[in-house]
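I open these notebook entries with the structure itself and then record what I looked up in it.

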Amino acid sequence: MSEDRLRLTARQAVESGRLEAAQSSLESLLQHNPADAHARLALAQVVLQRGQLRAATGHLLHIVQALPNDAPLIIQLVPLLHLTGEIVAARSCLDHLARAPNPPPRVLAAQANLRWILGEIETAARWMDRAVQAGVDSPDERYLQALLHQFTGDMERAASELESCLQRWPGFGAAAVVLANLPTRESAQSRLAFLEAQLARIPEATGSVHEKRVRAEYASAFFTLLDGLGRQDEAWQALQQSNAVMHELLPYDAGEEVAIIDTILEAAASLCALGADAQPRHAGPMPIFIVGMPRSGSTLLERMLSNHSQVASTGEINDFMCQLHWTTDVAPGGMRSMQEIFRRSPGIDFAQLGARYLEQTQWRAQGNTHFIDKMLINIQAVPLIRRALPEAPILHLVRDPMDVCFSNLKANFGLSSPYSYDMLAMAHYHDQHARLVAQWHASQPGAMLDVHYSDLVHSPEATLRSVLAHCGLEPEVACLRPEHNTAPVATRSSPQVREAIHTRSIAQWQRYARQLEPLRKALA
């Protein structure tokens, strides 16, 4: 069969969902021409869909070894390398693409987006500025530019970009959520009026999922501004409206959450029965893992720690989970894939897992002795981290249950975190988190240090002293001045954590004590 015919057959098989047939055609095509990078990329995508992550990784790395000067191919290749945990190779591909002379605006924007995915915020911001100057002008790209300015600390420019985005595309509700949380020189009332005017420009309700989500995002923004203005009754009404719609669009599955926690705990028990394996001592930069509930104060802790002269900030990187997927040969696929990873965890080669993680993350240290891995969901993998990287300290943020749950309820995470849009769902998720934490403290004593948010803001010096000692670091006064930390911070709380340490976030829920009574009872 000719190469053109094989290519057509493979494409038709993919389109019809016949992945085995597609794989066979692509493998035949590569027998004719092993250097066909496009065919190999397509084969990697097919075998990944079939759940063969390691096989897909092999094909992707084969392309990297003889990387063509083909911008569209590289733009497709890099996210797949990231997905399979090959971060170093992904960066080398982007470095290669960066040498292209006179790239078109879309290629500049793609490089910005890919650097952002890899966690290189400042580099991403520079590429996006170039892309906009070159003529890129879509709502997604202008929104990303605004986010990157926010994350690098230029709040005024971020606000200006978001306002421009909403004036041109009022249906871009995510921009309203971010804008409402940014500091403003004008009054909060003026910003509220601006957002109300943009919402009024959206056509009458059609009942579509997209439109429901947009209106929920505006309602979330209104809550933030009304709450700041002290108009609690109106604010609560807006929050209820927003969360009711988001809960409808993204229902929480309590049974699935219990099932994943059960699977994790069963796997952890099997690991304990196996006993500990001695891992080789690592001489290079060491990660400091920060885990816990979202909105627990983890970003503040990261900002304080990364102001230490020997600690680099890397943000919320997914590197450990990526390496877990590779080591267990489980393709990413939501909760089910996570359950499968933990079912296979007793058979993991933990030395290999630790070595791969370190190999792919050492560049993040930027010459320092430590770097921070603040992927909070790693709380699920504490026993695995301890086996793969026994020298790595793990810090667990603890915040008052009502404070942390209320902070989640008012956050609007978009189409993620379904637990955060309903009080009973929020309480259930918090309880499942508490199950994990209690088991890790019982079965892995000393595996992680609890850091209480209230201690962090009320007694920062004493709290940081114990945290730094746990990490094997000497105290430095700079850690107590996170507002002087100029590193990018890519989280929703980035405006707040650029301030000096304060206690304003303690007991904020009490302003809504009456409305939050169902949450309090559920937690109790």
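**Entry 1: helix α2**

I looked up the contacts of S25, leaving aside residues up to four places away in sequence, and found that S25 touches L6, T9 and A10; contact means heavy atoms within 4.5 Å. S25 lies in helix α2, residues 19–32. Helices (H or I, at least four residues) and strands (E, at least two) are DSSP runs, numbered from the N terminus. At 10% relative accessibility, S25 counts as buried. Buried means under 20% relative accessible area, exposed over 50%, and partly exposed in between, with a 1.4 Å probe and protein chains only.

**Basis of the entries**

I note that this is a predicted model, in which local features need pLDDT of at least 70 and side-chain atom pairs count only at pLDDT 80 or more, while totals for chains, interfaces and linings use all residues. Residues are numbered from 1 along each chain as its sequence is written, and side-chain values use heavy atoms, with hydrogens and water left out.

**Entry 2: the sheet**

I traced an open sheet of five strands in the order β2-β3-β1-β4-β5, with parallel pairing; two strands pair if DSSP finds at least two bridges between them. β2 and β5 (449–452) stand at the edges with a single partner strand each, so one side of each has no neighbour in the sheet. From one strand to the next the twist averages 30°. Axes are lines fitted to C-alpha atoms, for helices over the stretch in contact, and angles run from 0 to 180 degrees between N-to-C directions. I also noted that α24 lies across β4 (394–398) and β5, running at about 160° to β5.

**Entry 3: strand β3**

I then followed β3 (residues 370–373) and its partners. Strand β1 (residues 286–292) pairs with β3 in the parallel sense over four bridges, and I288 stands opposite I372. Strand β2 (residues 311–313) runs parallel to β3 and is joined to β3 by three bridges. Here V311 stands opposite H370, and A312 opposite F371.

**Entry 4: positive phi**

Most residues other than glycine have a negative phi. I recorded N412, with a positive phi near 55°, in the loop between α21 (401–409) and α22 (423–443). N412 is buried, at 4% relative accessibility. A507 has a positive phi of about 60° and is placed in the loop between α24 (460–470) and α25 (517–523). A507 is partly exposed, with a relative accessible area of 24%.
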